Amino acid sequence: MTWKTLDDMDLTGKTVLTRVDINVPMENGVVTDSTRIDRIVPTVQEIIKRGGKPVLLAHFGRPKGVVVPEMSLKHVVPALTQAMGVPVSFAEDCIGLPAKKAVAALRAGEVLLLENTRFHEAETKNDRAFAASLAALGDIYCNDAFSAAHRAHGSTEGIAQLLPSCAGRLMQAELEALEAALSKPSRPVVAVVGGAKVSSKLDLLGNLVEKVEFLIIGGGMANTFLAAKGLNVGTSLCERDLAETAREIMTKAKNSGCEVVLPKDIVVAQEFKENAPHAILAVEDCPDVGMILDAGPESTKAIINVFEHCSTLIWNGPLGAFEIAPFDTATNAAAAKAAELTRAGSLISVAGGGDTVAALNKSDAAKGFSYISTAGGAFLEWMEGKTLPGVAALDA
């Protein structure tokens with residue numbers, strides 16, 4: 001797939017409708033984490049520098065088509081102004097007279113933020129008339145919100161059909177990183193897939209076994225695969241009803257030349273608690289009352305060995321109960337090695353998903369990765385091999 005970027009657009013004197021993700025955490029009306037705001041700054045500043053007027057389209061929360069005062073984007077304006085370093089004005093609606101007046105009043109060098117697109121039910125329905133109302137406000141459409149690209153909404157897909165469209169710098173970086181990792185990777189490729197449930201990642205596993213040389217399965221998911229192989233997993237989190245599905249995935253992997261890597265040894269405790277008494281056991285020796293909470297040191301060595309022999313790593317999900325020590329050990333050690341290999345230039349590492357980002361930040365390894373996606377659902381759907389409407393709409 002090819003898509004246009006800001007490099008392909010003449011922005012001089014143009015109003016650039018820019019879809020962003022500023023769905024940031026807030027407490028008492030104040031932004032508590034400005035990461036998503038900070039990441040759109042390069043795109044917005046470039047539009048201004050090249051003579052364009054950026055008009056920001058965004059959603060906030062899930063108001064379900066009604067006006068919810070606490071979900072108004074006006075609360076984000078102070079943090080946005082601070083990050084941009086230029087005046088940011090606000091329109092009380094994203095379409096109609098308030099939006100038209102605000103766009104008309106926008107001066108060169110300033111930014112305009114329109115009200116929450118999801119205050120209109122037509123946004124999530126991708127209503128054509130609504131998309132046309134948005135498109136009427138500008139000359140060019142720029143999508144810088146990969147995290148919303150898996151939704152066929154008015155501000156992500158509908159509007160792109162009506163205006164000259166391109167990807168912003170954040171969207172471009174995300175697409176290039178994912179393409180390098182999955183579409184045109186440097187081989188061999190290893191994927192780490194962890195987390196609690198196999199059921200939430202069936203499509204992902206099914207797609208990956210045909211595209212990677214190694215599939216490392218961790219977290220609660222690994223227990224389901226171990227049980228499917230006839231091993232006792234005690235009182236561990238396990239989806240026993242998916243045993244046959246797990247066996248099918250392992251068979252598909254074998255037929256595709258993909259090696260599935262499961263724990264060789266395990267860290268077992270009787271309760272899910274910080275620093276709970278625990279034991280390191282061979283994977284065959286899990287007691288009936290034991291709960292598997294992490295991969296053991298031999299498993300971690302095996303994972304690191306795979307990393308050392310691969311050129312590309314895709315990571316989604318932790319290897320254990322990373323939230324509490326010492327059950328974060330395997331995740332931390334593997335993440336640190338991935339970061340080290342990346343810094344040395346021998347590994348391209350791309351990671352994404354909410355728990356993954358949290359785990360890599362906790363391990364202090366995130367900054368060593370080639371790319372960390374904060375996109376969540378969109379990242380997962382891309383890895384599953386699905387077409388993302390917001391990306392497909394930019395296809396040049």
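Phenylalanine 146 is buried, with a relative accessible area of 3%. Here buried means under 20% relative accessible area, exposed means over 50%, and partly exposed lies in between, for a 1.4 Å probe and protein chains only. The model is predicted: local features need pLDDT of at least 70, side-chain atom pairs count only at pLDDT 80 or more, and totals for chains, interfaces and linings use all residues. Residues are numbered from 1 along each chain as its sequence is written, and side-chain values use heavy atoms, with hydrogens and water left out.

Aromatic pairs were considered next. Rings of Phe, Tyr and Trp (its six-membered ring) pair if their centres lie within 6.5 Å; planes under 30 degrees apart count as stacked, over 60 as edge-to-face and the rest as tilted. By this rule there are three aromatic pairs. Phenylalanine 146 and tryptophan 382 form an edge-to-face pair, at 6.3 Å centre to centre and with 65 degrees between the planes. This pair links distant parts of the chain, 236 residues apart. Phenylalanine 146 sits in the loop between strand 7 (140-143) and helix 6 (154-158), and tryptophan 382 belongs to helix 14 (residues 377-383). Helices (H or I, at least four residues) and strands (E, at least two) are DSSP runs, numbered from the N terminus. Tryptophan 382 is buried, with a relative accessible area of 14%. Elsewhere, Phe307, Trp315 and Phe369 form one aromatic cluster.

Two sheets are described here. Strands of a sheet pair through backbone hydrogen bonds, either parallel or antiparallel. Two strands count as paired if DSSP finds at least two bridges between them. Six strands form an open sheet in the order 11-10-9-15-16-17, with parallel pairing. Strand 11 (259-261) and strand 17 (371-373) stand at its edges. Each has a single partner strand, so one side of each is left without a neighbour in the sheet. The twist averages 15 degrees from one strand to the next. For such angles, axes are lines fitted to C-alpha atoms, for helices over the stretch in contact, and angles run from 0 to 180 degrees between N-to-C directions.

Strand 9 pairs with strand 15 in the parallel sense over five bridges. It pairs with strand 10, also in the parallel sense, over four bridges. Valine 192 has tryptophan 315 as its bridge partner in strand 15. In strand 10, its bridge partner is isoleucine 216. Strand 15 (residues 312-316) also pairs with strand 16 (residues 348-352), parallel and over four bridges. There, isoleucine 314 has valine 350 as its bridge partner.

The other sheet is open and has three strands, in the order 13-12-14, with antiparallel pairing. Strand 13 (278-282) and strand 14 stand at the edges, each with a single partner strand, so one side of each is left without a neighbour in the sheet. Neighbouring strands of this sheet are turned by 40 degrees against each other on average, direction ignored. Five bridges join strand 12 (residues 265-269) to strand 13. Across them, isoleucine 266 has leucine 281 as its bridge partner.

Helix 9 (residues 219-228) has nine of its ten residues buried, so it is largely enclosed by the rest of the structure. Among the buried residues are Met221, Asn223, Phe225 and Leu226. The elements that cover them include strand 9 (189-193), helix 8 (202-208), strand 10 (214-217), helix 10 (243-256) and strand 14 (291-295). Just after helix 9, glycine 230 takes a positive phi of about 90 degrees.

Two further buried residues were examined. Glutamate 123 lies in helix 4 (residues 121-124). It is buried yet has no salt bridge, defined as a side-chain nitrogen of Lys or Arg within 4 Å of a carboxyl oxygen of Asp or Glu. The nearest side chain of opposite charge, arginine 19, is 4.1 Å away. Lys and Arg count as positive and Asp and Glu as negative; His and the chain ends are not counted. Contact means heavy atoms within 4.5 Å. Not counting residues up to four places away in sequence, glutamate 123 touches Arg19, Thr117, Arg118, Phe130, His153, Gly154 and Ser155.

Leucine 137 is found in the loop between helix 5 (128-135) and strand 7. It is buried, with a relative accessible area of 8%. Its contacts, not counting residues up to four places away in sequence, include Thr15, Leu17, Cys94 and Leu114.
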